[in-house]
Amino acid sequence: MNRIAIVTGAARGIGAATALRLAKDGHAVAVLDLDEAACADTVTAITEAGGRAIAVGANVADGAAVEAAVARVTEELGAPTILINNAGIIRDNMLFKMTEDDWDAVLGVHLRGAFLMSRAVQKHQVEAGWGRIVNLSSTSALGNRGQANYSAAKAGMQGFTKTLAIELGRYGVTANSIAPGFIVSDMTRATAERLGVTFEDFVGHMVSEIPVARAGKPEDIANAAAFFCSEEAGFVSGQVLYVAGGPKA
Ligand code: NDP
């Protein structure tokens, strides 16, 4: 079945890889990010591979922008029934240095963003009697030094996911969460910078603690998302899948 998918934060990193993978699986994809122009590379990669995609600029934390974006996707591609809540930011700091803005910005993009996007898309999913929602959590949900805001948001994503699964299941909609471990992306490059180490040293240190002995790639997460979005995964809902090269609890 070909569906219409929205992937947030899809200009780069995990979102871009997931948008490409969903397009390869035959879905039309709205590549949504803060800056519409920044989505061009992902859209071009999809269309050059024979897929269908549009670029959509929207801040997922802004209710009016979210409503307008989903309306545009519906008009230009069709009613969206797959949603990947991937957009994310970090504003890391130790608790005593963390500002209210750091807290609000992170909770705003991850939690408020996922809430607004899911609320806007669920009406199309319920109408269709079918839907898939995948929310990006993180191993940081288990606690991580310097990330009080981010770990709270990512733990929140897990509770949010489970509630969506309970509320929307009867309409053929599943909701699942992926909690990535260390994935090479601009976000982890920024973390290395904050810690004052080279990215190579940072990767080396992280890999030394990963059982499969390599860093994660955005495609590792895209593969898991593709499974949750498949027809075959219809009985899998409310789950949190740690994709971290080893066990997490
Ligand atoms: P990146 O920073 O590479 O990409 C995130 C994208 O989200 C950027 O294009 C960014 O746009 C966009 N974005 C940020 N804020 C908003 C907003 N308000 N509205 C719309 N788009 C926005 O991150 P990753 O690919 O590494 O991460 C993707 C997701 O996976 C995030 O939710 C992250 O927390 C999670 N994750 C990542 C891990 C990793 O190791 N990389 C580990 C665990 C979880 P812009 O560039 O304009 O800011």
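Guide: Let's start at G181, where a polar backbone atom is 3.3 Å from an oxygen atom of the ligand. This is a polar contact, meaning a pair of N or O atoms within 3.5 Å; within protein, one must be able to donate a hydrogen and the other to accept it, and residues adjacent in sequence count only if both atoms are side-chain atoms. Keep in mind that the model is predicted: local features need pLDDT of at least 70 and side-chain atom pairs count only at pLDDT 80 or more, while totals for chains, interfaces and linings use all residues. Residues are numbered from 1 along each chain as its sequence is written, and side-chain values use heavy atoms, with hydrogens and water left out.

I183 also reaches the ligand: one of its backbone N or O atoms lies 2.9 Å from a ligand oxygen. At V60, a polar backbone atom is 3.1 Å from a nitrogen atom of the ligand. On its own the ligand has 900 Å² of accessible area, of which the protein covers 90%. Such areas come from the Shrake-Rupley method with a 1.4 Å probe; for residues, only the protein chains shown count as cover.

Now look at the whole shell. Helices (H or I, at least four residues) and strands (E, at least two) are DSSP runs, numbered from the N terminus.

Let's follow α6 to T188, which lies in that helix. A polar atom of the T188 side chain lies 2.7 Å from the backbone oxygen of I183. Not counting residues up to four places away in sequence, T188 touches F182, I183, F199 and F202, where contact means heavy atoms within 4.5 Å. T188 is buried, with a relative accessible area of 14%; buried means under 20%, exposed over 50%, and partly exposed in between (1.4 Å probe, protein chains only).

A nonpolar core is a set of buried Ala, Val, Leu, Ile, Met, Phe, Trp, Tyr and Cys residues joined through side-chain atoms within 4.5 Å. The largest one has 30 residues, and I6, L32 and M117 have the most contacts inside it. Six residues, the largest share of this core, come from α4.

I6 sits in strand β1 and is buried at 0% relative accessibility. Among the residues I6 touches, leaving out those up to four places away in sequence, are L32, V70 and M117. I6 and V70 are 64 residues apart along the chain, yet their C-alpha atoms are separated by 8.5 Å. L32 is in contact with I6 and M117, and also with V60, among others.
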